[in-house]
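Hi there,

Here is the structure I promised to pass on. Have a look at it first, then read my notes below.

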Amino acid sequence: MAFDLEASLALLERTPDLLDAWLATLPSGWTQVNEGPDTWSPYDVVGHLIHGERTDWIARMEVILRDGGDKRFVPFDRFAQFRESEGKSLTELLREFREVRMANVAYVRSLRLDEGALGKTGIHPTFGEVTLGQLLSTWTVHDLDHVMQIARVMAKQLKTEVGPWVAFLRIVRETT
Ligand code: NI
């Protein structure tokens, strides 16, 4: 499907509800566990999503939309959540994610971006020139990627407990 801004925003604004319903009161045996060394727990993923809202998607959109000036994006810190989430409960992180996500969706909607705006470009530190349409598509798919990750991390907690059914459960065989 071609990129449709309102369709993407519809998905992006549902992710806080999705994560709240799924994770908020779930036992920590599901949310504070990971897939092994140097992998993330569902709790870590929520912190990562918050950091993206604060420093990545909107900041990069603004670089693309501004007239003139430096079009290079600031590299994203993929590990910032370990500092920024420190001492916070998952409930607090989910509340924070909801606030920043809903504010960002409202902001993007308020800009009434047209085809011309979506075709504007910025410079990604690794990929080079990218369009605003690609950035906003990636913001959307990035949510789905991490929803899949959260499901996978939780599924793997019972990887050995499922016994022979492991053969039918693609999710516990997938690597990070
Ligand atoms: Ni990510």
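Which helices each supply at least two residues of the lining of the largest pocket? They are α4 (42–55), α5 (57–65) and α9 (132–156), helices being DSSP runs of H or I with at least four residues, numbered from the N terminus.

Before more detail, please note that this is a predicted model, where local features need pLDDT of at least 70, side-chain atom pairs count only at pLDDT 80 or more, and totals for chains, interfaces and linings use all residues. Residues are numbered from 1 along each chain as its sequence is written, and side-chain values use heavy atoms, leaving out hydrogens and water.

Back to the pocket: 27 residues line it, and His-48, Arg-78, His-142, Asp-145 and His-146 lie nearest its centre. (On a 1 Å grid over the protein atoms alone, a pocket is an open set of points where a 1.4 Å probe fits, with protein on both sides within 12 Å along at least five of seven lines; lining residues have an atom within 4 Å of a point.) Helix α9 gives the most to this lining, with nine residues.

There is a nickel ion too, coordinated by the NE2 atoms of His-48, His-142 and His-146 at 2.0 to 2.1 Å. Donors are N, O and S atoms within 2.8 Å of the metal (3.2 Å for Na, K and Ca); water is not among the atoms, so sites may look incomplete. His-142 and His-146 sit four residues apart in α9, about one turn of the helix.

Enjoy exploring!
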